[in-house]
Amino acid sequence: IAKRQFFNQQNSLKKVKGTDTVDLSESIGEMLAQMRAKGELNHTQEDNLRALLTARFDGGERAMNRTLASVRDIQNMALLANFRSALIQLADVGSSVYVNGLGNTIKEIATGIKGSRIQPEDLGLLNRTSIEFGNVDGFSKALDATMKGSLFTKFDRGGKRIFINSSYNKYQKLAEKNPSAFIKKWDEVFGDETVKLMESLKKGEVNDNVKLMLWNELSEVQPISLSEMPKAYLEVPNGRIFYAMKSYMLKQLGLVRKDIVNEYRKGNKQEALVNATRYALIMGTANATVQDVRNYVKSGFDTEGMNVDFTDASTF
């Protein structure tokens, strides 16, 4: 349904004759032909876009081999489904501070879950830690259960909630105080809908455009959809096992490339330096703090050389 909607919005939907099945090759070809006629693409861009759309809609929707999917799920359960690994998700707060600012992040943390304007499930992120955990083969049900039992899912959901609401706070302020900067930021994505989006934020509304904006922001730092995964991940389903537990770091590298490397290449050397300094300080501090907490938790189970009496209930 979503695939049909996507191509229908581009006025390029083509179906396999006599069925309701999307003819992927014809639909992509029609979409690119229209863009070419409008002068929106050169030949290199057209080839790249065709390859990306094919990878996303064809390869991306093919499942891994069931045995490999099971191996990956067992690996994730063994390494991630425990409380110490769950604590790693607290570092997501660092991403929010870097992208949305300290003030907006602290405001959301202080608000708490009951006061949050938007929940992750409002963006379709119910139980979606990462798209790489979203397979339906293997031991997906067991993986979901163990991730919930270890509080991994709960911590992840909290990090997502803090990020999307902090982003809302940031762009609401920008819409009110600097409309031109807001339009410059989002005009390429929303086009004629940009002003409506800005007005919705000023009124404190949460509609489909606002949710799409927040989804875009979160997808910059977390692998929450197939569209955020590398082309090779999409095209080689069985090769996805080599990406296990690497997708989050790949997104962080993508953020570094966008904010630091690309800005430097554009000639914005001072901005690139500022971004590099902020990223190193914020993310370094966040991850170091989380590691200290994990070490502290581990010490509770390792009494060698420590003055911890586990027979004394007051210890806990």
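Reader: Are E108 and R161 buried or exposed?

Author: Both residues are buried (under 20% relative accessible area; exposed is over 50%, partly exposed in between; 1.4 Å probe, protein chains only). This is a predicted model, where local features need pLDDT of at least 70 and side-chain atom pairs pLDDT 80 or more, while totals for chains, interfaces and linings use all residues. Residues are numbered from 1 along each chain as its sequence is written, and side-chain values use heavy atoms, leaving out hydrogens and water.

Reader: What do the side chains of E108 and R161 form when they meet?

Author: Side chains of opposite charge can pair when their charged atoms come close. Here, E108 and R161 form a salt bridge at 2.8 Å, N to O. The term needs a side-chain nitrogen of Lys or Arg within 4 Å of a carboxyl oxygen of Asp or Glu. E108 sits in helix α7 (residues 102-111) and R161 in helix α9 (residues 152-177), so the bridge ties parts 53 residues apart in sequence. Helices are DSSP runs (H or I, at least four residues), numbered from the N terminus.

Reader: How many salt bridges are there?

Author: The count is 17. One of them joins R36 and E46, at 2.6 Å from N to O. R36 is in helix α2 (residues 24-37) and E46 in helix α3, so parts 10 residues apart are tied together. R36 is partly exposed at 39%; E46 is buried at 9%.

Reader: Which residue pairs with E61?

Author: K3 does, with the closest N and O atoms 3.3 Å apart. E61 is in the loop between α3 (43-57) and α4 (66-80), K3 in helix α1 (residues 2-9), 58 residues apart. E61 is partly exposed at 46%, and K3 is partly exposed at 24%. Shared partners join K3, R56 and E61 into one network of salt bridges.

How values were computed. Helices (H or I, at least four residues) and strands (E, at least two) are DSSP runs, numbered from the N terminus.
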